[in-house]
Amino acid sequence: MAHPRSRRMRALAVPLGLALTASLGFLPNAATAAPQDSVPAAAQADGPLLSYVVNTTPGHATVGKVQKAIAKAGGKVIVAHEQIGVIVVHSANPQFAATIRTVPGVQTAGASRTAPLKASGTTDVGKPQKVDLTKSQLKAAGSAAKANGQEPLEPLQWDLPAIKADKAAQVNPGSRDVTVAVIDTGVDDTHPDLKANFSAKQSANCVGGVADTSKGSWRPWDADSDYHGTHVAGTIAAARNGVGVAGVAPGVKVSAIKVSEPETSLFYAESVVCAFVFAADHGVEVTNNSYYVDPWMFNCKDDADQAAIVDAVGRAASYAQRKGAINIAAAGNSNLDLGAAKLPDASSPNDSTPVERTINPKTCWDVPTQLPGTVTVAATGVQKLKSGYSNYGLGQIDVAAPGGDSKQVPELPAKNGNILSTMPGGDWAYLAGTSMASPHVSGVAALLKSAHPKSSPQEIQWLLKQQADNPGCPTGDATCTGTKHVNSHFGYGIVDALDAVKK
């Protein structure tokens, strides 16, 4: 099912690993405003310390007034993003959100979590299974691959020829002027396949909502368990340097914006807002989002707290788009029809006690996957069928890409149906999930931006769809609806890296 440390990750459990010993989103109706001069009475801190997002009319004047009201309501401002009107606050006042919603200029406000601000216990239930290769085995694999102009482990990467990324690299491997930000668990920039293409000046640790750009702050908290972001980064931009694997866009740069909490690996709204704003302000062209914002798998707009999360993250994602970044996101691994009239959710909130609920996908959104302007990605296997775990939905999926499927097995020498990529500590391993599909699309988007540097995010998205190859609905599969051009399993189709650099 999900990543072993959290049900929110867009990666599946690892059946086999390999290591080498060498526009604004939803904006609900504003709460009834108090009289213009009124401010909330001072509050006592007699509840759990929680983090909140307070969303206001953007601008210094309004944000400044609201900050004063926040202090009187028992809140401490952690960071204020004046350009999008999002303020991150800590408060132990159990009435903080209800009180601050009455303040003039406040449009939405709510808690970004249900658990107090302290470390939670890990949910780790396993680690990637690794197979060591001897130096002689590595040398033999490298020699055979080199003879074919490949990276040593590239024969095991069935996903590259599946989207013609191997041929695209011969035409245009991507521009050094294009950067893909991996918003995730951090990236090990010392990995031999990543260090040449890593952009430290566009990397940060955004956990808690404030960007820390000190050297190495963007690296995983724990190399053994927080490997997700490093794996994603390798799929996007592992260098063709004769070392291990190759990325879809081996000539572009990749940066890391870490947003996962230590120990729990949860991604909270304040951290994700920080990541989108940081990416936008540091000239990133593509953001990869292989997660959903915790603690809710779906954020329902009729709940004040969840509505505030949609609003805050939606503002930040829209800001990144306006600054020139295209946002790519994984569709999720629950085999759900996101276009259905209703869906079950028994995993939320995942930072305290989950409750069973039935949600309406039209008003309850997977964030950032279902935010306006985001490219939503489904996963496929080697047989060009939807991966068994991948979410789908007519009008919900934009494009598809290889994410791996253990039941769709490639021919030799690959043998493994999942996706091989980089791991912390100089390793390589197989993973599967829509987490692995999204970076393939991010890589192709980076190639498109390299070939069309003046194109807007909207134009890049249109090209992704226009160039995609749609295999059509499988015969007899009633879950696949639509046409051979646009359907619920593949959206507009499986992305094509070669077309991205040739057309």
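This is a dialogue about reading some features of a predicted model.

Colleague: What should I know about the numbering and the model before I start?

Modeller: Residues are numbered from 1 along each chain as its sequence is written. The model is predicted, so local features need pLDDT of at least 70 and side-chain atom pairs count only at pLDDT 80 or more, while totals for chains, interfaces and linings use all residues, and side-chain values use heavy atoms, with hydrogens and water left out.

Colleague: Which residues does UniProt place under "active site"?

Modeller: UniProt positions are given in the numbering used here, with feature names shortened, and annotations may be inferred rather than shown by experiment. In this case an unreviewed entry places the feature at Asp-184, His-228 and Ser-435. They are spread over 252 residues of sequence, yet they cluster in space, with a largest C-alpha distance of 10.2 Å.

Colleague: Is Asp-184 buried or exposed?

Modeller: Buried means under 20% relative accessible area, exposed over 50%, and partly exposed in between, using a 1.4 Å probe and protein chains only. Asp-184 has 0% relative accessibility and therefore counts as buried, and Ser-435, also at 0%, counts as buried.

Colleague: What joins the side chains of Ser-435 and His-228?

Modeller: A polar contact is a pair of N or O atoms within 3.5 Å; within protein, one must be able to donate a hydrogen and the other to accept it, and residues adjacent in sequence count only if both atoms are side-chain atoms. Here the contact between Ser-435 and His-228 is 2.7 Å.

Colleague: Where does Lys-258 lie?

Modeller: A charge sits over a ring if NZ of Lys or CZ of Arg is within 6 Å of the ring centre and within 35 degrees of the ring normal. Lys-258 lies over the face of Trp-221, 3.6 Å from the ring centre, and the charged end of Lys-301 sits over the ring of Trp-365, at 3.0 Å from its centre.
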